[in-house]
Amino acid sequence: MIRVGHGFDVHRFDDGDRPLRLGGVELPGQRGLAGHSDADVIAHAVADALLGGAGRGDIGELFPDSDPAWAGADSMALLARVVALVTGDGWVVANVDATVVAEAPKIAPHRAAIEQRLSAAVGAPVTVKGKRAEGMGALGRQEGIACWAVALLERP
Ligand SMILES: [Zn+2]
């Protein structure tokens with residue numbers, strides 16, 4: 001049996017001095033994202049893709065932002081919990097592919113590090129592509145960063 005899962009996430013930029021964390025990698029000197037957890041938009045989209053494929057709901061259900069336990073949470077730790085849940089159900093992750101839409105910063109210089117971190121967390125190849133919004137809409141005005149991800153799951 002094979003299943004596909006899709007995930008989407010978006011976070012606004014934060015006005016404070018939070019670091020920008022994407023796929024578990026901190027990008028130095030960049031404006032961070034606002035959120036209840038560490039606002040790692042790629043980790044969240046990947047987690048939702050895995051949960052969607054496994055029919056396990058979404059991260060908002062598993063880690064509600066009304067729960068103080070998840071305030072400032074390390075999203076890579078949340079992703080690890082999601083992977084444990086999904087693999088515990090007997091699913092094997094084949095791969096995950098994600099597209100990050102950010103007017104800035106450029107993803108390319110950090111792509112290898114982000115892919116490595118995510119692949120290690122998921123236990124399968126995770127690929128990440130960066131796209132600009134060509135100046136259009138809220139993403140184009142650099143109000144935040146969005147990420148889409150698809151995951152393929154197999155149950156032997
Ligand atoms: Zn999120």
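Mentor: Start with the contacts. In the protein, 73% of the contacts with a separation of 6 or more join residues 24 or more positions apart. A contact here means heavy atoms within 4.5 Å. This is a predicted model, where local features need pLDDT of at least 70, side-chain atom pairs count only at pLDDT 80 or more, and totals for chains, interfaces and linings use all residues. Residues are numbered from 1 along each chain as its sequence is written, and side-chain values use heavy atoms, with hydrogens and water left out.

The protein has five helices and six strands. Both are DSSP runs, numbered from the N terminus: helices are H or I, at least four residues, and strands are E, at least two. Along the sequence the pattern reads β-β-β-α-α-α-β-α-β-α-β. The radius of gyration is 15 Å, close to the 15 Å from the globule rule for 156 residues, so the protein is as compact as a globular protein of that length. That radius is taken over C-alpha atoms, and the rule is 2.2 Å times the number of residues to the power 0.38. The C-alpha trace spans about 45 × 35 × 25 Å along its principal axes. Of the 156 residues, 44% count as buried. Buried means under 20% relative accessible area, exposed over 50%, and partly exposed in between, with a 1.4 Å probe and protein chains only.

Now the backbone itself. Most residues other than glycine have a negative phi, and most peptide bonds are trans.

Take A39 first. Its phi is near 60°, a positive value in a residue other than glycine. A39 sits in the loop between strand 3 (25-27) and helix 1 (41-54). Is A39 buried or exposed? A39 is buried, at a relative accessible area of 0%.

Go on to P105. A cis peptide bond joins A104 and P105, with omega about 0°. P105 belongs to the loop between strand 4 (92-101) and helix 4 (111-122).

Then E134. This residue is not a glycine, yet its phi is positive, about 55°. Where is E134? Look in the loop between strand 5 (126-131) and helix 5 (137-140). E134 counts as exposed, with 55% relative accessibility.

A39 has one near 60° and is buried. E134 has one of about 55° and is exposed.
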